[in-house]
Each structure stands twice: as C-alpha cells, then as structure tokens.
Amino acid sequence: MSETVVHGHGAYMEESPYAIPSRKLTMWLFIISDAVTFGALLFAYGYLRVASSDWPTPFKFGPSIINVMIMTFVLITSSLTMLGAVDSAKLGDKAKTSRFLWSTILLGAIFAGLHIREWIGMIGEGVRLFQNPWGSSLFGATFFSITGLHLLHVVSGIIAIMVVARKFNNGRLTAGHVEATGLYWHFVDLVWMFVVPLIYLLNIQH
Amino acid sequence: MAAGSSPNVIAKYLPVYFILLFIAAIEFFVAFRITNIPALLTLLLGLAICGAALALMYFMHLVNERRALFYSLIPATIFVLLMMNMIWSDSFRLLHMKPFAH
C-alpha cells in the first residue's frame, strides 16, 4: 500500500491531493508564503531605493563582492549536497545520507560565518540600522533586515537539518522528512539568488 | 540497501548545478560592466528568474510532480508578486516631490 494512501491527507484509502504526502504539501505551502514574504521585503527595499535620491552604493569588489561570490558558491553547492542526501535517503543508504546532510550543515555554517563577517565589516564602516556615512539613512535598515531574515532562515535550516540527520540515522525519521527539509533548504538558496543581485549587485561602488 | 558500490546520486544534478554557477558568474560580470541601473536591473532580474526556475523545477523536483501541483502553487504566487508592482508610482512620486536629502 503506498504511503500516500495510508498516511496521506485525505480519508483512509483516499489518495492525497497531488499524490504527495501531507508533509511535503505543507512544506510547499510554507515555501510559497515565505516567498511572498521575501518578495514583499524586496519590493519595499526597491520602493525605498527608488524614492531616495542619495541611496548609497558602498559594495566594493574587495572584500564585499568577493565575499558574496564565495557565499553564493557555498550556498549553491550546499543545495547540491542536500540533493545527494535526499536521493540517498530514498535509496535507504543511511551512511551516505548522513555524510551529505553533514556536508550541507558544514556549508551552511560556512555561509553563515561569512555573512556575519560581512556584517561586522559593514558595522565597522559605520553602517547602523538608521544611519551610515554615505547617504540615505534607510540603507542600513533594508540591508540588515533582508539579509538578517535570510540569515535567520539559514540558521534555522542548519538546526533543522541537524535534527533530521540525527533522527534519520536513528530510524526515527523517514526519507520523506529528509525530502521536506531539502525543499526548505533549496528555497533558502533560491531566495539568495534574488538577494544578491538586488541588494549587492545593484549597489556596487563603481 | 544492497552491499557494494552505491550509485552516484548527485551526478544527474551536476548540469543544473553548473548552469546555476554560470548564471551567478554572469550576474557578477555584468554588474561591473553595466552602469545603467534600469538595464542592469532588468538583466539581473531576468537571470535571477532563470536561475530560480531551474532550482524550482530540478532541485525542488517540481518537474517530477503532478502538473496540478505546479498550477496550484506557481501562477498564484507570480500573480501576488506581480501585483506588488503597484507601489512604483508612489515611489517615483516620493522621489520627485520631496526635497533632496543632503
């Protein structure tokens, strides 16, 4: 009997909507809502940027853009390792799943560390939530809120993957749980693909 | 799981992975080449959307799911995001009406 019939959303013996487990559908719905949240924040940032005549463009190639390049590479690679974990989990290879999950955790931690290092650099240059040495006082608010929300998602994802890695190894969670966590992690990567061009690349110091 | 060598589970994702890296590389390259902000924004957004679509379809396996799931999730999300574009008229109004900051 398929998992979707026994453990699915509908009544007993009824096929799940979209033929996926409830867990996966719930994660997709959460992803959609979170995407709209990030979209709203990025639109608000765009609104303020257009409305400001003196929006700062402080990001130099070194160290800021180099840092962002490394962060982008690390995060996309972590998505790849997460894919490895999901497929290994579906094949029932616990050892391989564990290795891929811990690789993802490590890459996520590297990303978070680089991000915090960048924040420290910006704060050292005088950027605060509502002031900076260069221009519009809202630059800091938008920068820290958007990148901070993304960082919060990364850190939460790292914690979630750690929990899933332990429990999948102990047999308390299934491949479906690994897959749902994987969806979340890919979403975090997807958001970064929009944060980089809008927050960093449009504000390069020429 | 049978003993012996297990399949290379990430090999099939490598093409999409390298395309995503290539898209990111192009973004970084054009950001330093194009100084016209509207043109740069259009290009960067277009590239970001291409990258996001690839990640959505192949990394998140939406291409393997039932078509109904795709049509239930994606068009509505795109609609909501497109509706947010209503703010631009107010944004430009603020830019032109308020005194320039010093």
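Colleague: How many helices and strands does chain A have?
Modeller: Chain A has six helices and zero strands, and along the sequence the pattern reads α-α-α-α-α-α. Helices here are DSSP runs of H or I with at least four residues, strands are runs of E with at least two, and both are numbered from the N terminus. This is a predicted model, where local features need pLDDT of at least 70, side-chain atom pairs count only at pLDDT 80 or more, and totals for chains, interfaces and linings use all residues. Residues are numbered from 1 along each chain as its sequence is written, while chains are lettered from A and ligands numbered from 1 in the order in which they are written.

Colleague: What's the average pLDDT of chain A?
Modeller: The average is 92, and 93% of the residues score at least 70. pLDDT is the predictor's confidence in each residue, from 0 to 100.

Colleague: Where does pLDDT stay under 50?
Modeller: Over residues 1-6 of chain A. The model has nine contacts for that stretch beyond four places in sequence, a contact being two residues whose C-beta atoms, placed from the backbone, lie within 7 Å. Where pLDDT is low, the predicted coordinates should not be read in detail.

Colleague: OK, helix packing. At what angle do H3 and H4 of chain A cross?
Modeller: Roughly 160°, with the axes of H3 (residues 61-91) and H4 (residues 94-124) coming within 8 Å. That makes H3(A) roughly antiparallel to H4(A). Axes are lines fitted to C-alpha atoms, for helices over the stretch in contact, and angles run from 0 to 180 degrees between N-to-C directions. Under 35 degrees counts as roughly parallel, over 145 as roughly antiparallel, 65 to 115 as roughly perpendicular and the rest as oblique.

Colleague: And which residue classes make up that contact?
Modeller: The contact of H3(A) with H4(A) has 14 nonpolar, 13 polar and two charged residues. Nonpolar covers Ala, Val, Leu, Ile, Met, Phe, Trp, Tyr, Cys and Pro, charged covers Asp, Glu, Lys and Arg, and the others, Gly among them, are polar.

Colleague: Switching to the interface: how many residues of chain A are in contact with chain B?
Modeller: 43 residues of chain A, in contact with 43 residues of chain B. H3(A) gives the largest share of chain A's side, twelve residues. By class, that side has 28 nonpolar, ten polar and five charged residues.

Colleague: How do H6(A) and H2(B) pack?
Modeller: Their axes are 9 Å apart at an angle of about 175°, so H6(A) and H2(B) are roughly antiparallel to each other. Residues making the contact include A:Leu190, A:Met193 and A:Phe194 from H6(A), and B:Leu44, B:Ala48 and B:Phe59 from H2(B). The classes come to eleven nonpolar, two polar and one charged.

Colleague: Is A:Thr37 buried or exposed?
Modeller: Exposed, because 12 other C-beta atoms lie within 10 Å. The cut-offs are 20 or more for buried, 12 or fewer for exposed and partly exposed in between, with C-beta atoms placed from the backbone. A:Thr37 is in helix H2 of chain A.

Colleague: What about A:Leu151, how many C-beta neighbours there?
Modeller: A:Leu151 has 17 inside 10 Å, so A:Leu151 counts as partly exposed. The residue is in helix H5 (residues 138-169) of chain A. Leaving aside neighbours within four places in sequence, A:Leu151 is in contact with A:Ala112 and A:His115.

Colleague: And what percentage of chain A counts as buried?
Modeller: 38% of its 206 residues.
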